[in-house]
Amino acid sequence: MFCPNCGTEVKGKFCPNCGESIEVAPETLESPEIKPAVITPGAGSSSKYSVDDFISRTMEKPGSGETFEIENNYLLNINLNGKVWSKKGAMVAYTGDVKFKREGTFEHGLDKFVKKAVTGETSTLMKMKGQGKVYLADQGKEVVVLNLQNERIYVNGNDLLAFEDQIDWDITMMSSGVGMSAGGLFQVKLEGTGMVAITTHFTPITLVVTPDQPVYTDPNATVAWSGGLTPSVKADVDFKTLLGKDSGETFQLKFRGQGFVIVQPFEEI
């Protein structure tokens with residue numbers, strides 16, 4: 001466009017030579033081009049809260065080849081190539097060719113079915129079979145992976161997230177003369193060589209037990225313990241308990257032997 005007064009080329013609303021005001025038709029005004037957002041993971045960005053920055057911070061980690069990998073504190077990544085057992089309903093995402101099937105009523109034998117019925121153990125298993133990646137989580141609880149090497153551990157059924165197919169398991173009862181009100185009397189025994197994943201409310205603490213130093217825990221805060229320990233239920237029952245004036249810590253678990261106990265900072269009812 002040129003100035004009608006002096007003929008100077010004009011790119012705005014005023015002539016740069018003589019200052020003459022230039023009327024511009026609306027249709028000649030250029031609008032800035034709006035481009036769709038393009039997500040390029042790993043490309044980097046100068047903005048702290050850009051889409052690229054978010055993806056870069058939360059993108060899945062490169063795998064190490066292990067069957068069980070902790071993706072973050074709350075997610076378990078299973079590199080599935082065969083069959084793995086997990087807690088029913090724990091899958092949050094997966095890739096590949098994977099089939100999910102609920103544990104059959106008698107799939108693990110009549111013995112385990114009867115034990116579940118008698119003990120009231122409600123931890124239902126889910127079978128995952130195929131090839132791919134499966135991500136597991138359980139209500140935002142932290143994930144712990146234990147690689148057993150011909151070892152044995154006991155886990156609260158509600159805190160068991162997943163285990164490899166070659167791991168042997170069974171439902172066991174803690175020998176005790178007290179009633180069911182003690183809680184924590186039934187647990188899942190896992191033994192063999194392979195990966196086991198458990199969950200805890202918040203970050204757990206592991207207490208070492210030695211022959212000369214037993215450990216006492218709240219049954220509802222106890223997550224798991226090693227196979228070398230002998231647990232029992234300790235009951236503090238006295239006259240105040242009968243009057244309802246006790247401390248609220250009527251029952252404790254006592255662990256003796258050589259090993260460890262995993263306790264969470266949360267009482268799971």
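Figure 1. Y94 counts as partly exposed because its relative accessibility is 40%, in a structure that is a predicted model. Five aromatic pairs are counted in total.

**Figure 2. The aromatic pair of F202 and F266****.** The rings of F202 and F266 are tilted, at 55° between the planes and 6.3 Å centre to centre. This pair connects distant parts of the chain, its members being 64 residues apart. F202 belongs to the loop between strand 8 (186–200) and strand 9 (205–209), while F266 lies in the segment after strand 14 (259–263). F202 reaches 52% relative accessibility and so counts as exposed, whereas F266, at 34%, counts as partly exposed.

**Figure 3. The aromatic cluster of Y154, W225 and F255****.** One aromatic cluster is formed by the rings of Y154, W225 and F255.

**Figure 4. The protein as the setting of the close-up views.** The protein contains three helices and 14 strands. Of its 269 residues, 38% are buried. Among contacts between residues at least 6 apart in sequence, 71% join residues at least 24 apart.

Definitions and conventions. Residues numbered from 1 in each chain as written. Predicted model: local features only at pLDDT ≥ 70, side-chain atom pairs only at ≥ 80, totals over all residues. Heavy atoms only, no water. Phe/Tyr/Trp six-rings, centres within 6.5 Å; stacked < 30°, edge-to-face > 60°. Buried < 20%, exposed > 50% of the residue type's maximum accessible area, 1.4 Å probe, protein only. Helix = DSSP H or I, 4+ residues; strand = E, 2+ residues; numbered from the N terminus. Contact = heavy atoms within 4.5 Å.
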